[in-house]
Amino acid sequence: MPMVTRRLRDPDINPCLSESDASTRCMDENNYDREKCSIYFLKYKNCRRFWNSIMIQRRQNGVQPSMPTAAERDEILGAMGKMPY
């Protein structure tokens with residue numbers, strides 16, 4: 001598997017892996033009709049936007065790594081009580 005693909009499939013690097021997989025699965029199931037999968041695209045976009053804002057805040061505060069690990073993300077989402085996206 002190429003390095004880029006491996007990185008995209010790594011849950012510590014890609015916080016929106018499940019949303020990405022869901023949108024791809026929807027496209028496969030609906031013969032690549034983008035209109036039928038718009039809700040999945042919106043969820044993915046909101047996920048990326050949310051974690052990007054977290055990453056920016058962590059960079060500004062000097063926290064490394066700027067993207068929280070999968071375990072840290074679970075703690076953040078647990079503290080919020082619900083999915084913010």
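**Reading the labels**

Mentor: This is a predicted model. In helix α2, the buried residues are Leu17, Glu19, Ala22, Ser23, Cys26 and Met27. The cover over them includes α1 (3-8) and α3 (38-60).

Trainee: How do you know that the span of helix α2 agrees with its number of residues?
Mentor: At 1.5 Å a residue, the 13 residues of α2 (17-29) should span 18 Å, and the end C-alpha atoms are 18 Å apart, so the two agree.

Trainee: What makes aspartate 21 and arginine 9 a salt bridge?
Mentor: Their side chains meet at 2.6 Å, N to O, and the cut-off is within 4 Å, so the pair qualifies. Aspartate 21 sits in helix α2 and arginine 9 in the loop between α1 and α2, 12 residues apart.

Trainee: Why is aspartate 21 called partly exposed?
Mentor: Buried means under 20% and exposed over 50%; aspartate 21 has 24% relative accessibility, so it counts as partly exposed.

Trainee: What about glutamate 72 and arginine 58?
Mentor: Their side chains also form a salt bridge, at 3.8 Å, N to O. Glutamate 72 lies in helix α4 and arginine 58 in helix α3, so the pair ties together parts 14 residues apart in sequence. Arginine 58 is buried because its relative accessible area is 14%.

Terms used:
Residues numbered from 1 in each chain as written. Predicted model: local features only at pLDDT ≥ 70, side-chain atom pairs only at ≥ 80, totals over all residues. Heavy atoms only, no water. Helix = DSSP H or I, 4+ residues; strand = E, 2+ residues; numbered from the N terminus. Expected span 1.5 Å × (residues − 1). Buried < 20%, exposed > 50% of the residue type's maximum accessible area, 1.4 Å probe, protein only. Contact = heavy atoms within 4.5 Å.
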